[in-house]
Amino acid sequence: MPDASAPPPGPPGLSRLRPVLPSPVRQVEDERFTRHGVTLLLKRDDLIHPDLPGNKWRKLAPNLLAAAGRPVLTFGGAYSNHLRATAAAGRLLGFRTIGVVRGDELAHRPLNPSLARCAADGMRLHFVDRRTYRAKTDPAVLAGLLDVHGECEIVPEGGSNALAAGGCAALGRELRGVADVAAVACGTGGTLAGLAAGLGPGQRALGVPVLRGGFLGDAVRELQQEAFGGPAGDWWLDERFHFGGYARTTPTLHAFAQDFEDRHGLPVERLYVAKMLYALTALADEGAFPAGSTVAAVVTGRPDTAADGQSASSR
């Protein structure tokens, strides 16, 4: 079992990227919380690094240290923030990157702005059909990819593995003694698995899944088993706020996000962060947080204006 409590040895190149750690915490006055006696904090992980913001830094950094300069092969959809962050890291640190992209039909179309950015950063794009993509963890599929691209460090979709969970435990440690509840939007579960493990006694982590399906609880438990040897920390999921599923939004969500931006001057990413903030306001109204509670909302990313108004990713 890998030791996810600390990054493995690797090249010192990551330090020259000058990440802002610990990320800042900002208290905001919002009557939707204060009228219930709840204090809202924003944990600004989106400010960690301009090219590798939020949980992308926390999950990628230990994986890149493990790769030790070897090529990195990873997976994502057509608008994957994870692919873009990996490609940016390859450009900044000088290692080769390969992105396995869901949807072989995309290979014969002009690249969308998200994939074009990956390519501009030097990532080799390998398009596969959706059936193959669903089987991306199958040893035969992985062996076929390595036959094409040579020996690579394989990083899973969204960057979520035991090393990533270990990296995200630092997020929890940064919030020890700061909040009663720490909330994060979830796609693949790595951030929640680490966040919960890093929090202290009496603190809870809330995950807000942005995908439908009800599978995330098992994923978080498996990641914690791999990373920490078993359950770690106190966490729960609220599955009600996916707004239709992955990469889906509604006018109600957009209106909420715009209002939050206007109130607090925070650019709100729609597919993850907005859903988490919306969930917190609903839970506050429902009385889920006792009066006197402090809730920290982890801002894991920022709006992606370069992707034709879309901001899809895998978390």
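R44 sits in the loop between β2 (39-43) and α2 (55-67). The model is predicted. R44 has a relative accessibility of 12%, so the residue counts as buried. Buried here means under 20% relative accessible area.

What is R44 in contact with, leaving aside its neighbours within four places in sequence? The partners are S23, P24, R26, L266 and V299.

## Y272

Another loop residue is Y272, placed between α10 (251-264) and α11 (273-286). Is Y272 buried or exposed? Its relative accessibility is 1%, so Y272 counts as buried.

Y272 and V20 lie 252 residues apart in sequence. In space, their C-alpha atoms are 21 Å apart.

## Cysteines

How many disulfides does the structure hold? The count is zero. C152 is in no disulfide. Its nearest cysteine sulfur belongs to C118, 16 Å away. C186 is in no disulfide either. For C186, the nearest cysteine sulfur is that of C168, at 10 Å. A disulfide would need the two sulfur atoms within 2.5 Å.

Both cysteines count as buried. C152 has 11% relative accessibility. C186 has a relative accessible area of 3%.

## Confidence

The chain has a mean pLDDT of 91. Of its residues, 93% reach 70 or more. Over residues 1-12, however, pLDDT is below 50. That stretch has 21 contacts in the model beyond near neighbours in sequence.

Residues 306-315 also stay under 50. There the model has 46 contacts beyond four places in sequence. Where pLDDT is low, the predicted coordinates should not be read in detail.

Conventions: Residues numbered from 1 in each chain as written. Predicted model: local features only at pLDDT ≥ 70, side-chain atom pairs only at ≥ 80, totals over all residues. Heavy atoms only, no water. pLDDT = per-residue confidence, 0-100. Contact = heavy atoms within 4.5 Å. Helix = DSSP H or I, 4+ residues; strand = E, 2+ residues; numbered from the N terminus. Buried < 20%, exposed > 50% of the residue type's maximum accessible area, 1.4 Å probe, protein only.
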